[in-house]
Amino acid sequence: MSLGTIIGVIVGLALFLVNVFFGSAPASAFWDFNSVLTVFGGTIAATFIAYNERYVISAFKAIGSIFVKTKVDQKILFADVEKIIGWGEIMNKGGLQELQKNFDEKEYENHVIKFGMEMVFMGEKTNIVYSETENLIETMHDRKMQTVEVLENMASFAPAFGMIGTLIGLVILLSDLSNKDALGAGMAVALITTLYGVLFANLLLKPAARKLAQKHEMYQYRDRLILEGIAMLPEKKHPMLIQNHLNSYLEPANHFDIAG
């Protein structure tokens with residue numbers, strides 16, 4: 001689990017609830033079912049109008065993934081570099097057939113490795129392996145970023161529907177000014193909708209969109225590192241050259257060293 005995400009959500013909700021339960025107004029003043037329906041229902045409806053339902057459903061599923069820790073870190077990248085240098089050593093000494101014989105097909109679970117290495121085994125040149133795999137990485141990233149775009153627009157829809165709910169409440173309130181005592185309570189209910197919209201957008205939707213964007217960028221970074229290594233295999237580059245090139249993608253403290 002992503003500890004930072006969990007802590008952020010808990011702290012954000014706690015700050016809001018402290019103000020609700022320990023403020024001067026009763027906690028019941030912060031609840032209104034019609035306001036909830038307006039903000040959440042309106043936001044979801046507008047999102048389904050704006051996007052294909054497949055992307056909307058994917059965006060809702062992606063919100064849950066922000067609580068899962070990203071599997072890309074310096075250790076993973078270091079292991080990728082070590083693995084690719086190993087392939088380079090085999091290719092440099094034994095050639096393509098030797099690499100095919102020693103290649104672990106479990107590596108095909110990674111789409112980039114599968115796509116790139118299949119072209120290497122087919123005897124494609126470096127420029128073809130690089131350009132085609134790069135296109136795969138970019139299109140994969142673009143598809144993933146669709147969920148980020150959906151969530152970012154939901155974050156703009158929510159406050160707008162909060163304002164719509166407030167305006168509806170004000171129209172109802174001002175249509176009957178005979179009961180002066182009810183004006184204050186009515187105004188509070190009208191403003192609750194705006195509160196829900198702003199809270200929904202800024203505590204969940206915007207942070208979720210940013211977290212997902214960061215996660216997708218980290219996976220894209222790893223994919224590009226793998227591509228840079230695989231594209232050097234057809235030319236039978238010396239493992240030291242592969243190492244030096246791939247180390248440029250790692251933090252200096254985590255550089256791989258064949259001699260080590």
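Me: Which element gives the largest share of the lining of the second largest pocket?
Reply: That's α6, with 5 residues of the lining. Bear in mind that this is a predicted model.

Me: How much space lies in the second largest pocket?
Reply: About 240 Å³.

Me: And which residues lie nearest its centre?
Reply: Gly 165, Ile 168, Gly 169, Ile 172 and Val 189 lie nearest the centre of the second largest pocket, out of 13 residues that line it. Two or more lining residues come from each of α2, α6 (126–174) and α7.

Me: How do the residues of that lining divide by class?
Reply: There are 7 polar, 5 nonpolar and 1 charged residues lining the second largest pocket.

Me: OK, now the largest pocket. What volume does it have?
Reply: Its volume is about 380 Å³. The lining has 18 residues, and Leu 13, Leu 199, Phe 200, Leu 203 and Leu 204 are the closest to the centre.

Me: What does that lining look like by class?
Reply: For the largest pocket it's 14 nonpolar residues, 3 polar and 1 charged.

Me: Which elements each supply at least two residues of it?
Reply: Three helices do that for the largest pocket: α1 (3–22), α2 (33–50) and α7 (182–230).

Me: Switching to cavities. How many of 30 Å³ or more does a search of the whole structure find?
Reply: The search turns up 1. The largest cavity has a volume of about 50 Å³.

Me: Which residues line the largest cavity?
Reply: Ile 137, Met 140, His 141 and Lys 144 are in the lining, along with His 216, Tyr 219, Gln 220 and Asp 223. Both α6 and α7 supply at least two residues of that lining.

Me: And by class, what does the lining of the largest cavity have?
Reply: It has 3 nonpolar, 3 polar and 2 charged residues.

Me: Let's do helix packing. At roughly what angle do the axes of α5 and α6 cross?
Reply: Roughly 160°, and the axes of α5 (residues 111–121) and α6 come within 10 Å. Angles over 145 degrees count as roughly antiparallel, so α5 is roughly antiparallel to α6.

Me: Is the crossing of α5 past α6 left-handed or right-handed?
Reply: Right-handed.

Me: Which residues in α5 and α6 meet?
Reply: From α5 you have His 111, Val 112, Phe 115, Gly 116, Met 119 and Val 120, and they meet Ile 128, Val 129, Glu 132, Thr 133, Leu 136, Ile 137 and Met 140 in α6. By class, the contact of α5 with α6 has 9 nonpolar residues, 3 polar and 1 charged. Ile 137 and Met 140 show up here in the α5 contact, and they also line the largest cavity.

Me: What about α2 and α6, how do their axes cross?
Reply: They cross at roughly 135°, and the axes come within 8 Å. α2 and α6 are therefore oblique to each other. The crossing of α2 and α6 is right-handed.

Me: Where do they meet, in terms of residues in α2 and α6?
Reply: On α2 it's Thr 38, Val 39, Gly 42, Thr 43, Ala 46, Thr 47 and Ala 50. On α6 it's Val 150, Met 154, Phe 157, Ala 158, Phe 161, Gly 162 and Gly 165. The residues of the contact of α2 with α6 split into 8 nonpolar and 6 polar, with no charged. Gly 165 meets α2 here, and it is one of the residues nearest the centre of the second largest pocket.

Me: Last pair. At what angle do α2 and α3 pack?
Reply: About 135°, with the axes of α2 and α3 (residues 53–65) 8 Å apart. α2 and α3 are therefore oblique to each other. α2 passes α3 in a right-handed crossing.

Me: Which residues of α2 and α3 make the contact?
Reply: Ile 44, Thr 47 and Phe 48 of α2 make it with Glu 53, Val 56 and Phe 60 of α3. By class, the contact of α2 with α3 has 4 nonpolar, 1 polar and 1 charged residues. Thr 47 of α2 takes part in this contact with α3, and Thr 47 is also in the set of α2 residues that meet α6.

Methods: Residues numbered from 1 in each chain as written. Predicted model: local features only at pLDDT ≥ 70, side-chain atom pairs only at ≥ 80, totals over all residues. Heavy atoms only, no water. 1 Å grid on protein atoms, 1.4 Å probe; cavity = no way out; pocket = protein on both sides within 12 Å on 5 of 7 lines; lining within 4 Å. Points joined across faces, edges and corners; volume = space filled by probe spheres on them. Helix = DSSP H or I, 4+ residues; strand = E, 2+ residues; numbered from the N terminus. Nonpolar A, V, L, I, M, F, W, Y, C, P; charged D, E, K, R; others polar. Axes fitted to C-alpha atoms, helices over the stretch in contact; angles between N-to-C directions. Parallel < 35°, antiparallel > 145°, perpendicular 65-115°, else oblique. Left-handed = near helix turned anticlockwise from the far one by under 90°. Contact = heavy atoms within 4.5 Å.
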